[in-house]
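Thanks for coming. I will go through one chain today, from the overall picture down to a few residues.

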Amino acid sequence: MGRLLMDKIPLQENWKIPYPFSIVENELYRLEYKSLNGRIEESLKKISRNAPVVTKMYKHTERNDVFYEIFWENKGDLYYETISAGVLASKKELLKLADKGLSCNDTNAKYFVEYFDLFIGQNDIPKIEMTDRIGLIKGRFVHPLVEKNLKVLPNDIGEEQLLDSFQTKGTLEGWIHNVFNLVKNHPKAVLPVLASFASVILHEADLKPIVVDVSGTSSTGKSGLMRMCASVWGEPEKYVGTFNTTLVAIERRSTFLNSFPHILDDSNGANDSRFIQPMIYQYVNNTGKQRGSINGSQRTDSWSSLMITSGENEIVTYANAQGVPARVILITQFAFENVEADFLNKLYKSVKNNYGIIGIEFLKRWKSSRERYLNKFLEYEKEYLEVSNDNAVLKRLSRHYAFIVFTGHVLNELFRQEGFQVDLKALQQLYIEMNKLNNSADMPLLELQNALEEIDANRNKLYSDFEPHGSINAFYHNGEFYFAPAYLKERLGANEKQIRYLWMKRGFIMKFSNRGNDVDYKVIKKNKRSFRAVQVNKDIISKLGFDFS
Ligand SMILES: Nc1ncnc2c1ncn2[C@@H]1O[C@H](COP(=O)(O)OP(=O)(O)O)[C@@H](O)[C@H]1O
Ligand SMILES: [Mg+2]
């Protein structure tokens, strides 16, 4: 860009260098006057061995922030930096450009401030609109590969990489036939893929952000599915994020992606799962913290999108907060059933070769026919509210679910010619199954039920009257039932702490005091040996229909 052009042209000829400054052989000078023996003498003082010029002015579309692109040459290398206007006005801030190779130091910084101010005043600097995020901005939809009149300038490296992931490969038909058709008979995979499309038009129905979570045992293709969802918009490997991150980073990503789906793979990979609950809360309530921008003005970030997550445990396992389950569509026990042995390899390969085009085309076709379809959403909304029965959690999710299915309907219409065919009936069947499950709102209870079931089925590992050979999973002692901590650790894995904490809080297991601290275990003595044991509340055991006596 412009690089070659400027390469050979002396800087002075492109810009007006403001008096008293001048540029000589790419170095910046300032005309100064000295009094010598009563006579005033002119002398050229060298300010810097680099002579930067301001090449562009960027005006933020959503705020009043202004940024400048500055350009300079240093030992034959050309440098472009985009910095906020405040940097050019501050000696201290300017010094930071020394790290970027500009010869700016304590002595000359004040001259640079003067120089830039005069330079901007006297040159007609091209003004360009910019944004630091993508998606729907002030009524205009910004897709980075489509938008030509708005420059996207991300705030940090992470966002820059995300922006870079917006690339295309393959063909429209290639994606439909090789990527989508591969999973079209698996509604549990189709739903999140549709959610990836639905995200960018969510604002049309005035729906709040929610999470679509896919959970199931390891190696069932969840990570592959996340990549497939990402392939709608760009290079999947780069687009998909991880849970090994922070609350603030998630917020920034959500803000940057704005309308585009926020895809995060493998909730088990979180280095601290305690951040997941506030993360979901923040995401669905769209409550980015207010934070100061570079020039001190406050702003609140917002987004209108869907989050798509995967993990071995349902994400609500980590989120006990009231209301969170009602904002998560749970696709559980995920697996691609009845597929050939090399199915997952095929899936990975197909998304490596086909991405990005379908998303661009979807936005384009939606834009020209949205009015025709939007009314249809009301029908889906009504239909899904009806099949929700009296399930409170499902009722609250029904509009979102209906919207995702509606998006499937729209895709069928928009890409009829290319043979895109979403099985909408199968998605309704999936919804009814979710309805039957009905315990999705209460993961801690489900985990307890599962653990008790396992012990019930493996009585030889229950230490009741006789000590088992090998490992002990649980105890029955003086009319009470206890888990062995080692068993819980093995069964609950990374979530052990969180779930035990929730169990204690809910009164499923008993609370004891140990030197002033609340603990969920006590020491029991069986046959002269002491064991640490986690006592389960009698009431909950009988409520769930177990009897270990
Ligand atoms: N990068 C890859 N390229 C091709 N195949 C892959 C790749 N990663 C995983 N697979 C295939 O997918 C299988 C596991 O799927 P994965 O999506 O990782 O499941 P999950 O996320 O549910 O644990 C692997 O056994 C392998 O066959
Ligand atoms: Mg995985």
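The protein chain has 20 helices and 24 strands; helices here are DSSP runs of H or I of at least four residues, strands are runs of E of at least two, and both are numbered from the N terminus. The radius of gyration is 31 Å, well over the 24 Å that the globule rule gives for 549 residues, so the chain is more spread out than a compact globule. That radius is taken over C-alpha atoms, and the rule is 2.2 Å times the number of residues to the power 0.38. Along the principal axes, the C-alpha atoms fill a box of roughly 110 × 65 × 40 Å.

A word on the source. This is a predicted model, where local features need pLDDT of at least 70 and side-chain atom pairs count only at pLDDT 80 or more, while totals for chains, interfaces and linings use all residues. Residues are numbered from 1 along each chain as its sequence is written, chains are lettered from A and ligands numbered from 1 in the order in which they are written, and side-chain values use heavy atoms, with hydrogens and water left out.

Of the 549 residues, 52% count as buried, meaning under 20% relative accessible area, with exposed over 50% and partly exposed in between, for a 1.4 Å probe and protein chains only. Among contacts (heavy atoms within 4.5 Å) with a separation of 6 or more, 66% are between residues 24 or more positions apart.

Now helix 12. Its buried residues are I276, M279, I280, Q282, Y283 and V284. They pack against strand 11 (210-215), helix 11 (247-257), strand 13 (262-265), strand 16 (306-311) and strand 17 (328-331). Is Q282 buried or exposed? Q282 counts as buried, because its relative accessibility is 5%. The Q282 side chain reaches the backbone oxygen of L247 at 3.5 Å, a polar contact being a pair of N or O atoms within 3.5 Å; within protein, one must be able to donate a hydrogen and the other to accept it, and residues adjacent in sequence count only if both atoms are side-chain atoms. After helix 12 comes N286, with a positive phi near 55°.

Helix 19 (residues 496-506) has buried residues including R500 and W503. Just after this helix, G507 takes a positive phi of about 80°.

Last, I541, which sits in helix 20 (residues 538-543). I541 is buried, at 8% relative accessible area. Beyond neighbours within four places in sequence, I541 is in contact with F481, V536, F546 and F548.
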